[in-house]
Amino acid sequence: MTDEARAAGPEGPAERVVIKDKRKVSADSKPVETPDAGHTAEEVEVAVEETEEAEVQAEAADETPVEGEIVDEAFTVHAPPVSEPGEAAAQGTTDDAHQHGLGAELAALRTDLDERTRDLQRVTAEYANYRKRVDRDRALVVEQSTGNVLGALLPVLDDLDRAREHGDLVGPFGAVAEQLTAALTKFGLTVFGSKGDPFDPTRHEAVAHLTSAEVSEPTCIDVMRRGYLLGERLLRPALVAVADPE
């Protein structure tokens, strides 16, 4: 009798148990003894339970963090808090107050800017008037100084006129006289007063009055001393004799 016949017994051959384990076995897990045909069904179930318990312990050990190991922690996404109607109204009131404050500050800045602009315009106008006044005063001072110098030379010109009337203004002396007259003319000196000019009381000084049928208006019939102008300014009036119509 063979071994299989003896194992079968009187009731026939025993059923063979085949177990296929598809679970992964880690490197640290203990090897599982594969039951052979000589083990009973109870022994096989005990072996499977022990194997499952060992794998559970291995998984728990794998989940335990090791020092130096980076563990991904779960995070929670928090939704923004929903504001209540009262809070929204309070926030709107705060914004309105802030805008009102900014508007008041802007109005104050504009007022200050307008004041500074007016001050600047006033100062600019005052400076322009000051410059005009200074230029006018400077020109007046120059004219007065020139008039004073030319006025001091008028007696010399009178002597030259008398020498010219007597025929003494000839030769080198006459050339010097002409140069002096031309130089004074460059400074704005103008001579006036000749026989036959209409009498102008603003420019002529009458030292004698005569009547004549030859004139139709007051006329200068004789010039004792010529007059001079400096630009539009009367430097000295002319001394004349005036003839009035009959």
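One of the open sheets here has 3 strands in the order 2-6-3, with mixed pairing (two strands pair if DSSP finds at least two bridges between them). Its edge strands are strand 2 (204-212) and strand 3 (219-225), each pairing on one side only. Neighbouring strands of this sheet are turned by 25 degrees against each other on average, direction ignored; axes are lines fitted to C-alpha atoms, and angles run from 0 to 180 degrees between N-to-C directions. Bear in mind that this is a predicted model, where local features need pLDDT of at least 70, side-chain atom pairs count only at pLDDT 80 or more, and totals for chains, interfaces and linings use all residues. Residues are numbered from 1 along each chain as its sequence is written, and side-chain values use heavy atoms, with hydrogens and water left out.

**Overall layout**
- The protein chain has 4 helices and 6 strands, where helices (H or I, at least four residues) and strands (E, at least two) are DSSP runs numbered from the N terminus.
- Of the 246 residues in the protein chain, 16% count as buried (buried means under 20% relative accessible area, exposed over 50%, partly exposed in between, with a 1.4 Å probe and protein chains only).

- Strand 3 and strand 6 (residues 238-245) pair in the antiparallel sense, over 5 bridges.
- As one example of a bridge, D222 has A241 in strand 6 as its partner.

**The 1-4-5 sheet**
- Another open sheet of 3 strands runs in the order 1-4-5, and its pairing is antiparallel.
- Strand 1 (189-192) and strand 5 (233-236) are at the edges with a single partner strand each, so one side of each has no neighbour in the sheet.
- The twist from one strand to the next averages 35 degrees.
- Strand 1 and strand 4 run antiparallel and are joined by 4 bridges, with T190 standing opposite L229 in strand 4.
- On to strand 5: strand 4 (residues 227-230) is joined to this antiparallel strand by 3 bridges, and here L229 stands opposite L234.
- Strand 4 and strand 5 make a hairpin with 2 residues between them, and G231 in the turn has a positive phi of about 70 degrees.
- In a regular strand, side chains alternate between the two faces of the sheet.
- In strand 4, G227 and L229 point one way while Y228 and L230 point the other way, and all are buried.

**Helix 3 and the coiled-coil annotation**
- UniProt, in an unreviewed entry, lists residues 106-133 as "coiled-coil region"; UniProt positions are given in the numbering used here, feature names are shortened, and annotations may be inferred rather than shown by experiment.
- In the model, residues 106-133 are 100% helix and 0% strand, with the end C-alpha atoms 40 Å apart.
- D158 has its place in helix 3 (residues 85-165) and is buried, at a relative accessible area of 10%.
- The side chains of D158 and R236 are joined by a polar contact of 2.7 Å (a pair of N or O atoms within 3.5 Å; within protein, one must be able to donate a hydrogen and the other to accept it, and residues adjacent in sequence count only if both atoms are side-chain atoms).

**Rings**
- R203 lies over the face of F192, at 4.5 Å from the ring centre; a charge sits over a ring if NZ of Lys or CZ of Arg is within 6 Å of the ring centre and within 35 degrees of the ring normal.
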